[in-house]
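Hello,

Here is the structure I promised to pass on. Please have a look, and then read on for my notes.

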Amino acid sequence: MQNAKCRMQNVKCRMQNVKCKMQNAKCKMQNAECRMQNAKCKMQNAECKMQNYVVVNEMDNPIKDKSFEFAVRIVNLNKYLCSEKNEYVLSNQLLRSGTSIGANISEAERGQSKKDFISKMSIALKEANETEYWLRLLYRTNYLTQEQFDSLHKDIEEIIFILISICRTSNTNIK
């Protein structure tokens, strides 16, 4: 008789074990479904970020546009100074600093952090200051006419002003 009771209890325990295993299986299925939903959400978030990235980068960026157009002018000025004035040293310095402005601004756009953005913009500002120096030197040594200098100087001063404003604002916002 006791043997039969023990067997009955064993059967009940086995049935409870089977029920527990079924509940565990259901939980595992639910967990798998949750992981799938999380993965779908992550994919949707990534798609949204990509769409935002495209929208942001399609917007007008005046400093990027101005620095690019300025770089084109500097490249053309370098060609002129080398071919017409036989000046290579100062014009190459101007070429390096004048084209570096836009390159650093473009790099800042894809900065890894706010500090990286500020760093690249600060470098662009330093390059702009250096470019302004080379323009003044080329003018004072009669490699540039008053008209050439005034036009380029006006552009570089505008770029410097914008970069100063960007750096100040960014530094204020980071604190």
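First, the ground rules. This is a predicted model, in which local features need pLDDT of at least 70, side-chain atom pairs count only at pLDDT 80 or more, and totals for chains, interfaces and linings use all residues. Residues are numbered from 1 along each chain as its sequence is written, and side-chain values use heavy atoms, with hydrogens and water left out.

Let me start with H2 and H3. Helices here are DSSP runs (H or I, at least four residues), numbered from the N terminus. H2 covers residues 62-84 and H3 covers residues 89-109; their axes lie 9 Å apart, at an angle of about 160°. An axis is a line fitted to C-alpha atoms over the stretch in contact, and angles run from 0 to 180 degrees between N-to-C directions. The two helices are therefore roughly antiparallel, a label for angles over 145 degrees. H2 passes H3 in a left-handed crossing, meaning that the near helix is turned anticlockwise from the far one by less than a right angle.

Which residues make the contact (heavy atoms within 4.5 Å)? On H2 they include Ile63, Ser67, Phe70, Ile74 and Leu81, and on H3 they include Leu94, Leu95, Gly98, Gly102 and Ile105. By class, this contact has twelve nonpolar, eight polar and two charged residues. Nonpolar covers Ala, Val, Leu, Ile, Met, Phe, Trp, Tyr, Cys and Pro; charged covers Asp, Glu, Lys and Arg; the others, Gly among them, are polar.

One pair in this region may interest you. Gly102, found in H3, counts as buried at 11% relative accessibility, where buried means under 20% relative accessible area and exposed over 50%, with partly exposed in between (1.4 Å probe, protein chains only). Gly102 and Ser67 are 35 residues apart in sequence, yet 4.8 Å apart in space, C-alpha to C-alpha.

H2 itself has 23 residues and reaches 32 Å from its first C-alpha to its last, close to the expected 33 Å; the expected span is 1.5 Å times one less than the number of residues. Its buried residues include Ile63, Ser67, Phe70, Ala71 and Ile74. What covers the buried residues of H2 includes H3, H4 (114-140) and H5 (146-174).

Now to H4 and H5. Their axes come within 9 Å and cross at roughly 160°, so H4 and H5 are also roughly antiparallel to each other. This crossing is left-handed too, and the residues of the contact divide into 18 nonpolar, seven polar and four charged. H4 has 27 residues and reaches 39 Å between its first and last C-alpha, close to the 39 Å expected. Among its buried residues are Met121, Leu125, Trp134 and Leu138, along with Lys120, Glu127 and Glu132. The cover over the buried residues of H4 includes H2, H3 and H5.

Finally, the loops. Where does Asn86 sit? Asn86 is in the loop between H2 and H3, and has a positive phi of about 50° although it is not a glycine. At 55% relative accessibility, Asn86 counts as exposed. Asn142 lies in the loop between H4 and H5; its phi is near 65°, again a positive value in a residue other than glycine. Asn142 is exposed, with a relative accessible area of 62%.

How values were computed. Parallel < 35°, antiparallel > 145°, perpendicular 65-115°, else oblique. Contact = heavy atoms within 4.5 Å.
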